[in-house]
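Welcome! Please take a moment to look over the sequence and the fold below, and then we will walk through them together.

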Amino acid sequence: MGSRVFLIGGGWDHAEVYEPFLRELGGERRVGCLILDEGDGAAQFERYTAALRKAGPPCTPVPLLVPLGGRFEPEAALDGIDGLLVCGGLTPAYQDALADSLERLPALLAARGLPYAGFSAGAAVAARRAVVGGWLLDGVPVCPEETGEDLAEIEVRPGLGLVPFSVDVHAAQWGTLARLVAAVARGRAPYGVAVDENTLLTVGDGRARVTGAGRVHVVRPAPEAGVAVRAYGAGEGFVLG
């Protein structure tokens, strides 16, 4: 992992969660906003533009719209871009859009020293083993059906590998911590973090640090069986691995 990675658990109430990412860019820079366009891509871009401009350090947002069912081509898209924000929406569709660039995109980010920020779906796909949705484990509900991202059984797919843990989002608001617990307990993810809305987890230099309004819930396999969960609030952090 090269530059820092910024994982936002969703939410629109605290634009300041973008500030550390913008500071990492170092001055007024161009932020590529990768958005899966389900027909409202331009409107979604304006929403992220407003949040980024409210956050503090000045930047120039640039729309990188990918149509539903399309593929993201990072080499061309990242020309002239100083940092990448992968936005929110249907997480399995974001993973599909990135499926052909799971190795190319991280390599480009590292080679060009570009920081990565992920909002909701963008945070989930940053993982090597990406929890993309689902609300059932072997047919048994583990979280609300409406959080399933159009999937029934929990699915874990290949991700970008920018962080060593799996990521779930909207943890306190959607009840998705239980989904991550199920994925880790079944060995589908090595360990994971569930991030509340309006909360940022900054990852770099072998450590992770929490800022924002909520908490980050770290789920690790327990020594004998099951899992152990520990929550971290603003100003707290943990060592990776």
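## A short tour

G69 counts as exposed because its relative accessibility is 67%; exposed means over 50% relative accessible area, buried under 20%, and partly exposed in between, with a 1.4 Å probe and protein chains only. From the C-alpha atom of G69 to that of G134, 65 residues away along the chain, the separation is 20 Å.

A word on the model: it is predicted, with local features needing pLDDT of at least 70 and side-chain atom pairs counting only at pLDDT 80 or more, while totals for chains, interfaces and linings use all residues. Residues are numbered from 1 along each chain as its sequence is written, and side-chain values use heavy atoms, leaving out hydrogens and water.

Now for the open sheet, in which 8 strands follow the order β3-β2-β4-β5-β1-β12-β13-β16 with mixed pairing. β3 (59-67) and β16 (237-239) stand at its edges with a single partner strand each, so one side of each has no neighbour in the sheet. On average, neighbouring strands are turned by 20° against each other, direction ignored. Axes here are lines fitted to C-alpha atoms, for helices over the stretch in contact, and angles run from 0 to 180 degrees between N-to-C directions. Helix α4 (residues 91-98) packs on this sheet, touching β2, β3 and β4, and its direction makes about 115° with that of β2. Contact means heavy atoms within 4.5 Å.

Here are some strand pairs; two strands pair if DSSP finds at least two bridges between them.

| Strands | Sense | Bridges |
|---|---|---|
| β2 (residues 29-37) and β4 (residues 83-86) | parallel | 4 bridges |
| β1 (residues 5-8) and β5 | parallel | 4 bridges |
| β4 and β5 | parallel | 3 bridges |
| β14 (residues 216-221) and β15 (residues 227-232) | antiparallel | 6 bridges |

In the hairpin of β14 and β15, 5 residues sit between the strands, and G226 takes a positive phi near 75°.

Which way do the residues of β5 point? Y116 and G118 point one way from β5 (residues 116-119), A117 and F119 point the other way, and all are buried. Y116 is the bridge partner of V5, and A117 is that of L85. Y116 is also among the residues touching the most other members of the largest nonpolar core, which has 67 residues. Such a core is a set of buried Ala, Val, Leu, Ile, Met, Phe, Trp, Tyr and Cys residues joined through side-chain atoms within 4.5 Å.

Methods. Helix = DSSP H or I, 4+ residues; strand = E, 2+ residues; numbered from the N terminus.
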